[in-house]
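Subject: Structure handover

Hello,

Here is the structure you will be working with. Please open it beside this email and follow along.

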Amino acid sequence: MKVVILKDAAEVAQYGAQIFIDQINAKANSVLGLATGSTPVALYKELIEANKSGKVSFKDVSSFNLDEYLGLEGTHPQSYRYFMNEQLFDHVDIDKANTQVPPGNDANPIEACKKYEADIVAQGGIDVQLLGIGRNGHIGFNEPSSSLASRTRVKTLTKETIDDNARFFSEGEYQPELSITMGIGTILESKKVVLLATGENKAEAIKQTVEGAISASCPASALQFHQDVVVIVDEAAASQLDDPEFFKYIESQNQALLAKLK
Ligand code: F6R
């Protein structure tokens with residue numbers, strides 16, 4: 001697992017965005033896996049800037065989001081479809097018809113999950129998947145105890161995740177307790193995975209992800225099985241790693257090698 005430790009959240013966003021920009025510039029019709037939550041917002045801002053300044057075009061890009069609340073229409077301000085439109089799609093030259101978010105309002109969510117999986121395969125699979133991480137190590141809405149081979153399915157959220165996400169809902173507003181999420185098995189099939197984490201409250205989850213045993217108690221630890229994962233963290237999120245200096249040393253060596261190859 002490649003671990004990149006940077007000064008702060010702004011550097012994390014820039015580093016992560018550059019991976020997406022390079023991916024799209026290498027393959028114009030890239031299939032992106034996207035995430036919601038607070039962490040990727042700054043990365044999306046970087047992508048919007050890059051699009052506006054002509055450094056990247058999303059014209060032929062397609063995308064699949066990780067998850068969606070069950071029971072919310074895409075027009076609901078707390079839905080992840082709404083979030084994606086607001087934070088990225090409305091501001092870049094992507095064709096919205098090519099953007100997919102799991103359908104939270106489908107009459108038959110079980111069939112909708114199967115179709116979502118089939119649609120990813122039909123598109124040729126995800127080239128690069130963006131992930132945030134929950135304090136409990138969840139990726140997508142794959143909460144602890146999720147099967148490490150799970151596929152897109154309906155998932156019950158833990159009390160911790162509901163409480164963490166309550167900040168997005170106003171008082172008294174209906175907050176769903178169920179979601180549709182890509183499974184861990186689905187995520188592991190992406191060709192590349194980019195996981196972002198910032199802040200002290202993610203430090204324990206990052207430690208378990210990078211150095212812990214592979215276990216359903218920390219769903220993100222399953223990424224240790226993937227051959228191309230980049231974990232991009234700020235100093236605070238890296239603060240519980242046994243030897244952060246080692247990861248910094250490796251990254252400086254990687255950068256030196258890349259500079260030589262240029
Ligand atoms: C959202 C998602 C979640 C979040 C995680 C962290 O699509 O997949 O796993 O990435 O809950 O959320 P933030 O970034 O708000 O801390």
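First, the ground rules. This is a predicted model, in which local features need pLDDT of at least 70, side-chain atom pairs count only at pLDDT 80 or more, and totals for chains, interfaces and linings use all residues. Residues are numbered from 1 along each chain as its sequence is written, and side-chain values use heavy atoms, with hydrogens and water left out.

The sheet

Start with the strands. Helices (H or I, at least four residues) and strands (E, at least two) are DSSP runs, numbered from the N terminus. Two strands pair if DSSP finds at least two bridges between them.

Seven strands make an open sheet, and the pairing is parallel. Their order is S1-S10-S9-S6-S2-S3-S5. Strands S1 (2–6) and S5 (99–100) stand at the edges with a single partner strand each, so one side of each has no neighbour in the sheet.

Now walk along it. S1 and S10 run parallel and are joined by five bridges. Val3 has Val231 as its bridge partner in S10. Strand S10 (residues 229–234) is also joined to S9 by five bridges, again in parallel.

Six of the six residues of S9 (residues 192–197) are buried. In S1, four of the five residues are buried.

In a regular strand the side chains alternate between the two faces of the sheet. Lys192, Val194 and Leu196 point one way. Val193, Leu195 and Ala197 point the other way. All of them are buried.

The pockets

A 1 Å grid over the protein atoms alone is used here, and a pocket is an open set of points where a 1.4 Å probe fits, with protein on both sides within 12 Å along at least five of seven lines. Lining residues have an atom within 4 Å of a point. Grid points are joined across faces, edges and corners, and a volume is the space filled by probe spheres set on the points.

The largest pocket has a volume of about 450 Å³. Its lining holds 23 residues. Gly37, Ile133, His138, Asn165 and Lys202 lie nearest the centre. By class, the lining has seven nonpolar, 11 polar and five charged residues. For these classes, Ala, Val, Leu, Ile, Met, Phe, Trp, Tyr, Cys and Pro count as nonpolar, Asp, Glu, Lys and Arg as charged, and the others, Gly among them, as polar.

The second largest pocket has about 250 Å³ of space. Its lining includes Lys2, Lys192 and Val230. Helix H1 (residues 9–26) gives the largest share, five residues. The lining divides into three nonpolar, three polar and three charged residues.

- Ser30 sits in the loop between H1 and strand S2 (31–34). Ser30 is buried, at 0% relative accessible area. Its side chain makes a polar contact with the side chain of Gln23 (2.9 Å).
- Ser79 lies in the loop between strand S4 (67–69) and helix H3 (80–87). Ser79 is buried, because its relative accessibility is 1%. Its side chain reaches the backbone oxygen of Glu73 at 3.4 Å.
- Ser145 is in the loop between S6 and strand S7 (153–156). Ser145 is exposed, at 61%. Its phi is near 90°, a positive value in a residue other than glycine.
- Ser170 is partly exposed, at 48%. C-alpha to C-alpha, Ser170 and Gln240 are 33 Å apart.

Terms used: Buried < 20%, exposed > 50% of the residue type's maximum accessible area, 1.4 Å probe, protein only. Polar contact = N/O pair within 3.5 Å; in protein donor to acceptor, adjacent residues only side chain to side chain.
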